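Please read it with the structure open.

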Amino acid sequence: MSHRLHGILLGTTIRTHRSIPPHLISRAWFCSGRFRNQTHMESHASCEEVVGDSELLVKKMAAICNAGPAKLQFSCQVIADFDGTLTKYRVNGCRGQSSHGLLQQENPEYDKKRQELYEHYHPLEFSPTIPIEEKTKLMEEWWTKTHGLLIEGGLTYDGIRQSVANSTIAFREGVVELFEFLEERDIPILIFSAGLADIIEEVLRQKIHRLFKNVKIVSNRMVFNNNGHLVSFQGKTIHSLNKNEHALDMAAPLHDRLGDNIDAPTYENASVKTRRNVLLLGDHIGDLGMSDGLNYENRISVGFLNDNVENSLDSYCKAFDVVYLNDAPMWGVVKLVSQLCPSDGH
Ligand SMILES: [Mg+2]
């Protein structure tokens, strides 16, 4: 099994769909376990997939596959960040919007106020000099103030619908196929986001036009009154720095929220917690904390490095098992899950 996996994996370690800047070639070569031969690497002058330690990845894949094909579909789950992971970083050559960023309130004064908060807190979020405890408090403050402005500004669900319709947000190619593949095998997908659950659902509805019975969203969820106005938020605030203290209890099956009459099994939190093999997708190293509350045995992590590639490639290669560059599509992940959970395995 291990030998076969090794062969499959190495056959796809570096792909050549898009250009990688020449100054990164040597770094990608350094990170990749495959390309020990500089001449060989130079012949792949473009790449989008980098594996820091291919031996380790093969080992992890073998450990998951060795659980036995019949068990695979019951033992695996996918945990994915939303913004910049399932969605593209750039859309039509410009920075794509995030689930928070796309929101336009009926009263534009409030958009301005939220933008001012962004300008104040965003640099603090990435400041290398602020201790993490202090930063966590600042993020709590930012999210609380932002949510307060959404309520005060009288946000409605119609406003969300309109904002999504006007937005420049797009899923990576292959996301639908990934969801379909996992749905066919009853493998749950937990979308874990510090954004807004109601917006993520609306993006799924408008951009994919279909629902997946295996998708759960763990994010900040809004409460609307009978007039359709936002009045509060459910549960504990999830911000960018507390995803590791995650709030599985907030998860609700997608189709429940959308009022769809799908007669399908739902995934209780308990069953999600008992799945021992995790495929984690994220675009920040902090996203690795999304699986902290799970008692997993094997975790394969996939990182999407969207920005500042030159400075971050080494740390991403150390943190994630597989790293994708250049806004790569989701095909590599589809291939990975198809190797972990082949169709003849269930
Ligand atoms: Mg993200």
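1. A definition before the contacts: two residues are in contact if their C-beta atoms, placed from the backbone, lie within 7 Å. Bear in mind that this is a predicted model.

2. Start with helix H6 and helix H7. In H6, the residues that meet H7 are Tyr110, Lys113, Arg114, Leu117, Tyr121, Leu124 and Glu125. Their partners in H7 are Lys135, Leu138, Met139, Trp142, Lys145, Thr146 and Leu149. By class, the contact of H6 with H7 has 8 nonpolar, 5 charged and 1 polar residues.

3. Now the geometry of that pair. H7 covers residues 132–152, and its axis lies 10 Å from that of H6, at an angle of about 170°. Angles over 145 degrees count as roughly antiparallel, and H6 and H7 are therefore roughly antiparallel to each other.

4. Check the length of H6. The helix runs over residues 108–125, so its 18 residues should span 26 Å at 1.5 Å a residue. The end C-alpha atoms are 25 Å apart, which agrees.

5. H6 also has a kink of about 25°. Look for the kink at glutamate 119, shortly before proline 123.

6. Turn to helix H8 (residues 157–166) and helix H10 (residues 197–208). Their axes come within 10 Å and cross at roughly 55°. That angle makes H8 oblique to H10. The crossing of H8 with H10 is right-handed.

7. Which residues make the contact of H8 with H10? H8 supplies Ile160, Arg161, Val164 and Ala165. H10 supplies Asp198, Ile199, Glu202, Val203 and Gln206. The contact of H8 with H10 comprises 5 nonpolar, 3 charged and 1 polar residues.

Note on methods. Residues numbered from 1 in each chain as written. Predicted model: local features only at pLDDT ≥ 70, side-chain atom pairs only at ≥ 80, totals over all residues. Axes fitted to C-alpha atoms, helices over the stretch in contact; angles between N-to-C directions. Helix = DSSP H or I, 4+ residues; strand = E, 2+ residues; numbered from the N terminus. Parallel < 35°, antiparallel > 145°, perpendicular 65-115°, else oblique. Left-handed = near helix turned anticlockwise from the far one by under 90°. Nonpolar A, V, L, I, M, F, W, Y, C, P; charged D, E, K, R; others polar. Expected span 1.5 Å × (residues − 1). Bend = angle between axes of the 7 residues up to and from the residue.
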